[in-house]
Amino acid sequence: MKKIVIFSIAIALITGCSKDYLSSLQNNPNAPTTGVATPQLILPATITGITNIINDWGTYSSMAVWMGYWNGQPGYSAFTNVFNYVMTNTGPQSWDNYYGVLTNLNALVQQSQSVANSNYRDMANVLETICFKNLVDLYNNIPYSQALKGSGDFYPNYDNGSAIYDSLVAKLDVAIADMQANLSNSAVTTPSSEDVMFGGNMSNWIKFANTLKLRLLVMQSNVSAKASYIASEISNTASIGYLTTDALVNPGYNSSKPGNIWAAFGTNPTGGLNVGTGEYGANQAAIDFYRKTQDSRLAYFYTPVTITPASSSFYSVVLPPNFTASGSGHFAGNYCGTQATVAGGSSDIGPGILKSPSQSAVMMTAAESYFLQAEATVLGWLPGGNAAAQSLYVKGIEKSYEFLGVAGGGVAADAAADAYYNQGTSQGTSFVIFPTGVSADSLRHTILQQKWAALNSINILEPYNDWRRTFNPAMNSGYPIVPVSNSATNTHAHMPFRYLYPVTEQNSNGIAWAAAGGATTDAFNDKIFWMK
């Protein structure tokens with residue numbers, strides 16, 4: 001009887017359809033035509049796809065705890081694995097997220113082969129470098145040259161991480177040169193509203209790509225075999241310029257469809273708190289740093305213990321904030337490894353990070369751009385010596401204050417940042433004033449500690465990268481220096497060096513996975529190629 005029913009339904013469906021029913025089967029939904037998937041339609045999805053990962057609290061939440069930014073609130077047993085640095089092939093993971101976006105970026109490249117659409121192709125190639133770089137930074141060797149071919153290669157081999165970095169630098173060089181040439185080519189289409197990051201400002205795209213190139217090269221600063229290559233490539237970036245404003249993405253976020261960070265820690269349309277606030281609070285390590293250095297950003301990264309994002313006074317920041325360990329309006333949290341109930345409650349994520357449901361997502365901050373330039377200058381790869389590095393370093397702090405909206409933002413934020421920097425002279429606070437008469441390594445430590453302070457809850461991967469690439473076995477730490485987990489059951493002396501390959505890769509690409517050492521990967525001893 002069941003077979004007769006199914007057969008009858010099949011006949012009804014076929015006879016009830018128009019004549020073009022069967023002919024429409026020739027259109028493969030997994031290979032959309034250019035008439036359907038135009039570059040203009042693909043671009044915004046790929047841009048937001050990347051920021052959805054960068055700003056995703058779930059993707060990098062473990063890392064945020066390890067790096068001293070966030071901590072688990074009492075009562076959530078899932079943090080036991082985080083505190084003990086437990087690494088498995090199911091989590092933490094970022095593999096599928098990035099390769100998913102890369103599939104769309106590859107489609108964008110394929111759909112942008114005409115001269116008119118060459119800007120879209122260049123933008124896609126720029127965005128690809130972010131995804132592949134972040135994958136290398138987490139997994140080292142990954143599928144690259146044979147990846148994204150679909151049925152052309154279901155089982156791609158893994159490429160060497162260092163070689164991938166070189167290829168990404170070359171890819172950016174081509175994109176930058178092409179976009180520069182296109183500025184005066186009327187035959188090339190200039191993107192408009194579909195560019196949800198720069199609104200079609202291709203000069204900004206060029207500076208963004210150049211800053212990404214600087215990020216790739218500085219990341220390899222401890223690879224001595226590449227010293228001359230890095231010096232040459234960085235010198236080539238100087239004439240192009242770098243980001244001076246934040247690279248922000250907004251496809252139309254609102255109270256019904258906010259970006260990831262608000263959806264996690266902000267309020268829902270009825271005024272209640274979203275789920276992340278109940279699970280995560282402030283980490284005492286970051287509070288200690290901002291408190292010790294008398295840093296007004298404390299009240300923007302976190303809230304006083306009596307205030308939540310649902311409070312009417314959430315945005316009424318008092319400057320200077322209460323830097324004491326107790327008293328009205330103070331800030332408190334737990335260190336990584338501790339989930340104790342804090343008297344009066346823990347501080348939550350603050351109004352400099354949670355601005356509104358319609359706030360833009362962050363692709364890259366200007367603060368990071370200036371800190372990268374400062375480090376490259378200290379290392380002798382950009383001109384000007386330590387005086388220029390100091391100026392870039394102070395500019396990085398100012399841009400951090402501006403992003404958070406300290407003292408209302410703009411010029412007032414710059415004034416607050418300068419006051420913060422200058423008070424370091426009188427108080428002698430470490431990692432605020434740019435030191436003189438010290439080694440390049442000490443200068444780098446100061447820069448990376450402030451970079452860590454600026455990227456709190458904004459881009460957690462880059463400070464984690466900095467910590468690993470400057471790791472010193474004698475200290476069991478790198479820069480920035482953050483406390484190791486104090487969990488009584490933690491057996492590791494430091495954070496993990498890398499992620500493990502996901503179980504999906506083991507199951508679907510097992511031969512290549514095994515050849516890459518997937519079965520024996522050690523998260524605490526196997527290093528990313530750019531580590532010492």
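**Salt bridges and the nonpolar core**

Author: Let's start with Asp173, which forms a salt bridge with Lys213, the closest N and O atoms being 2.6 Å apart. By salt bridge I mean a side-chain nitrogen of Lys or Arg within 4 Å of a carboxyl oxygen of Asp or Glu.

Reader: Nice. Where do Asp173 and Lys213 sit in the chain?

Author: Asp173 is in helix H7 (residues 161–182) and Lys213 in helix H8 (residues 202–219), so the pair, 40 residues apart, links distant parts of the chain. Helices here are DSSP runs of H or I with at least four residues, numbered from the N terminus.

Reader: Before we go on, what kind of model is this?

Author: This is a predicted model, where local features need pLDDT of at least 70 and side-chain atom pairs count only at pLDDT 80 or more, while totals for chains, interfaces and linings use all residues. Residues are numbered from 1 along each chain as its sequence is written, and side-chain values use heavy atoms, with hydrogens and water left out.

Reader: Thanks! Is Lys213 buried or exposed?

Author: Lys213 counts as buried because its relative accessibility is 3%. Asp173, at 29%, counts as partly exposed. The cut-offs are under 20% relative accessible area for buried, over 50% for exposed and in between for partly exposed (1.4 Å probe, protein chains only).

Reader: How many salt bridges does the structure hold?

Author: The structure holds 16. Another one joins the side chains of Arg215 and Glu462, at 3.8 Å from N to O. That pair also links distant parts of the chain, with Arg215 in helix H8 and Glu462 in helix H18 (residues 461–469), 247 residues apart.

Reader: And which residues are linked with Arg215 and Glu462 in a network?

Author: Lys133, Asp137 and Glu368 join Arg215 and Glu462 in a network of salt bridges. Arg215 is buried at 4% relative accessibility, and Glu462 is buried at 1%.

Reader: What does Asp466 pair with?

Author: Asp466 forms a salt bridge with Arg469, with the closest N and O atoms 3.0 Å apart. Both lie in helix H18, three residues apart, about one turn of the helix.

Reader: Switching topic: which residues touch the most other members of the largest nonpolar core?

Author: Met63, Trp70, Trp205, Phe208, Tyr302 and Met363 do, out of 151 residues. Such a core is a set of buried Ala, Val, Leu, Ile, Met, Phe, Trp, Tyr and Cys residues joined through side-chain atoms within 4.5 Å. Helix H6 (residues 118–139) gives the most to this core, with 12 residues.

Reader: What is Met363 in contact with?

Author: Leaving aside neighbours within four places in sequence, the contacts of Met363 (heavy atoms within 4.5 Å) include Ile47, Leu127, Phe208 and Asn459.

Key: Helix = DSSP H or I, 4+ residues; strand = E, 2+ residues; numbered from the N terminus.
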